[in-house]
Amino acid sequence: MILPLKSHIRNPPKILLPQQVVSFNAIRYSLDICQLSHERLIKKLSEQTEKRDIEPIDFPEIFSDVWSIINNAQMFGKIICREFGISKTEPKLSEIVKAFDFRNSNQHLEERISQVLSVDDLPVYGFLSWRKNYLETDEIILSTIYSGTFTNKSTVSMPISNETQIEPDEIIQKIELSNVIREKNKSGKWEFNERKISISKLISDLKSWIDHFDGQINEQLNKINNLGKHTSDLIIQMNVKLI
């Protein structure tokens with residue numbers, strides 16, 4: 001798991017201040033949602049590689065999990081920058097910072113439609129590429145999918161990663177989303193550029209960062225005896241009979 005089951009972040013002790021508890025809750029949920037979305041995505045991409053008959057709901061299902069990871073990764077990034085004083089220029093935060101721009105572009109999709117997507121006939125939710133590595137063999141299948149209908153083109157060009165770095169023991173590798181984001185150029189003017197974010201690296205970086213913070217938090221809190229824990233995640237149900 002990205003966030004260990006026995007982490008104090010998952011079950012905050014009562015000694016923490018209310019703001020710290022809320023921050024821990026936000027971190028936990030953002031990471032757990034990324035975890036669940038990534039697991040579903042890996043399963044779906046593996047199945048999709050083998051399928052010959054594509055269902056209409058298959059693509060939205062894939063992009064739903066991709067954007068869920070991006071949205072919650074940027075939430076995690078903003079929380080740790082604020083709560084732990086991490087600079088956005090920190091090199092090891094680079095992929096998570098990319099998620100900020102991707103999320104902002106997605107949140108203003110209605111503007112992008114008139115600004116650039118319809119003009120250049122670009123995919124509404126981007127396009128995704130990945131490769132399936134058949135372990136213990138030399139076979140690899142490269143795949144890419146395009147979100148939405150293309151209207152003004154007879155052919156569609158979609159890049160597939162040509163990186164040679166191997167992700168050990170992973171069947172689905174090099175999951176990358178390409179999308180148009182708005183950013184300022186050197187003269188300070190806004191422009192739209194195609195950018196790529198690695199979902200695989202995003203998950204890896206989330207794990208690396210939370211391991212770092214979790215180790216520090218455990219070191220401090222484990223010195224305190226008899227830590228009382230807050231109650232987490234309630235469900236309340238009532239049986240109601242209509243008369």
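## A salt-bridge network

Salt bridges link K44, K51, D58 and E61 into a network. Here a salt bridge is a side-chain nitrogen of Lys or Arg within 4 Å of a carboxyl oxygen of Asp or Glu. Side chains of opposite charge can pair when their charged atoms come close. Across the whole structure, a search finds 14 salt bridges.

This is a predicted model, in which local features need pLDDT of at least 70 and side-chain atom pairs count only at pLDDT 80 or more, while totals for chains, interfaces and linings use all residues. Residues are numbered from 1 along each chain as its sequence is written, and side-chain values use heavy atoms, with hydrogens and water left out.

## Salt bridges from strands

K132 pairs with E50 in a salt bridge, the closest N and O atoms being 3.0 Å apart. K132 sits in strand β1 and E50 in helix α1, so this pair ties together parts that are 82 residues apart in sequence. Helices (H or I, at least four residues) and strands (E, at least two) are DSSP runs, numbered from the N terminus. K132 is buried, at 8% relative accessible area. E50 is partly exposed, at 39%. The cut-offs are under 20% relative accessible area for buried and over 50% for exposed, with partly exposed in between (1.4 Å probe, protein chains only).

A salt bridge also joins the side chains of E176 and K196, with an N to O distance of 3.6 Å. E176 belongs to strand β3 and K196 to strand β4 (residues 190-198); the pair links distant parts of the chain, 20 residues apart. E176 is buried, with a relative accessible area of 5%. K196 is partly exposed, at 33%.

## Around E83

R82 and E83 meet through their side chains in a salt bridge of 2.7 Å, N to O. R82 is exposed, with 60% relative accessible area. E83 is partly exposed, at 27%.

E83 has a further partner, S23. Their side chains are joined by a polar contact of 3.4 Å. A polar contact is a pair of N or O atoms within 3.5 Å; within protein, one must be able to donate a hydrogen and the other to accept it, and residues adjacent in sequence count only if both atoms are side-chain atoms. S23 lies in helix α1. S23 is buried, with a relative accessible area of 6%. Leaving aside residues up to four places away in sequence, S23 touches I79, R82 and E83. Contact means heavy atoms within 4.5 Å.

## The β3–β4 loop

N185 is in the loop between β3 and β4. N185 is partly exposed, at 26% relative accessibility. The side chain of N185 makes a polar contact of 2.7 Å with the side chain of S187.

## The nonpolar core

The largest nonpolar core holds 46 residues, of which I70, F76, L128, L177 and L206 touch the most other members. Such a core is a set of buried Ala, Val, Leu, Ile, Met, Phe, Trp, Tyr and Cys residues joined through side-chain atoms within 4.5 Å. Two or more residues come from each of α1 (18-50), α2 (58-83), α3 (94-107), β1 (127-133), β3 (172-184) and α5 (199-221). Helix α2 gives the most, with 11 residues.

L206 shows what such a residue touches. Not counting residues up to four places away in sequence, L206 contacts I2, L31, C34, A73, F76 and I96.
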